[in-house]
Amino acid sequence: DGGGGAAGPHRPRAAAAGRLPPAAHGRARQRGARTARLRHGARTPMPWENTRLGGFTEGTPWLPLSPANLARAVALQDGDAGSQLALTREVLALRKARPALRLGNLTAARAEGDLLVFDRVLGRERIRCLFNLSCQAVAAHVERTPILAINGAAPGHLPPYGALLLV
């Protein structure tokens with residue numbers, strides 16, 4: 001934020017005023033370099049194509065794009081119904097079509113072991129959301145109609161990391 005903000009419990013007064021002791025400058029550079037090494041790929045731009053720079057820039061990116069990241073380029077996923085891109089588009093379209101998912105209250109939230117269950121409610125629309133947060137399948141008795149199933153989920157069965165949205 002340019003260093004002009006107020007000092008607070010998470011922001012030392014010297015840093016807030018832009019005055020760091022000389023030794024801190026070297027530590028900050030070292031910490032920044034270490035963080036960059038540890039986070040390669042964590043905050044890289046979304047690759048649009050499977051090229052060295054991912055179709056994102058002609059310059060030098062702040063962090064390199066790894067081969068694993070380039071393999072997820074939009075150009076490679078577009079048209080693949082089983083891709084992460086297709087799932088993202090499906091979820092965004094569902095969210096746009098169902099006001100309760102955008103604006104609804106979160107109700108009836110509970111965790112049953114590794115199963116997270118909650119409802120999104122807006123007016124007369126109620127969407128039950130079930131998420132299996134484990135690497136093991138879980139049983140989930142439901143008496144509603146699925147509007148979204150992720151990772152092979154089906155009424156009564158949520159595979160590892162599966163999800164169901166039901167009306």
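I'll go through the sheet, then the salt bridges, then a surface patch.

Keep in mind that this is a predicted model. Let's start with the sheet: it is open, with five strands in the order β1-β2-β3-β7-β5, and the pairing is antiparallel. At the edges you'll see β1, residues 105-112, and β5, residues 146-150; each has a single partner strand, so one side of each has no neighbour in the sheet. From one strand to the next, the twist averages 10°. Further in, β3 and β7 run antiparallel and are joined by four bridges.

Now, salt bridges. How many does a search of the whole structure find? Five. Among them is Arg89 with Asp78, where the closest N and O atoms are 2.8 Å apart. That pair links helix α5 to the loop between α4 and α5, eleven residues apart. Arg89 is partly exposed, at 45% relative accessibility, and Asp78 is partly exposed too, at 47%.

Next, Asp119 meets Arg128 at 2.4 Å, N to O. Is Asp119 buried or exposed? Buried, because its relative accessibility is 1% and the cut-off for buried is under 20%. Through shared partners, salt bridges join Asp119, Arg126 and Arg128 into one network.

Last stop, the surface: Met46, Trp48 and Phe56 make a nonpolar patch of about 340 Å². Met46 sits in the loop between α2 and α3 and is partly exposed, at 44%.

Methods
Residues numbered from 1 in each chain as written. Predicted model: local features only at pLDDT ≥ 70, side-chain atom pairs only at ≥ 80, totals over all residues. Heavy atoms only, no water. Patch = residues over 30% accessible without salt bridge, like charges linked within 9 Å, V, L, I, M, F, W, Y side chains within 5 Å. Areas by Shrake-Rupley, 256 points an atom, 1.4 Å probe, with all protein chains shown as cover. Salt bridge = Lys/Arg side-chain N within 4 Å of Asp/Glu carboxyl O. Helix = DSSP H or I, 4+ residues; strand = E, 2+ residues; numbered from the N terminus. Buried < 20%, exposed > 50% of the residue type's maximum accessible area, 1.4 Å probe, protein only. Pairing = 2+ DSSP bridges. Axes fitted to C-alpha atoms, helices over the stretch in contact; angles between N-to-C directions.
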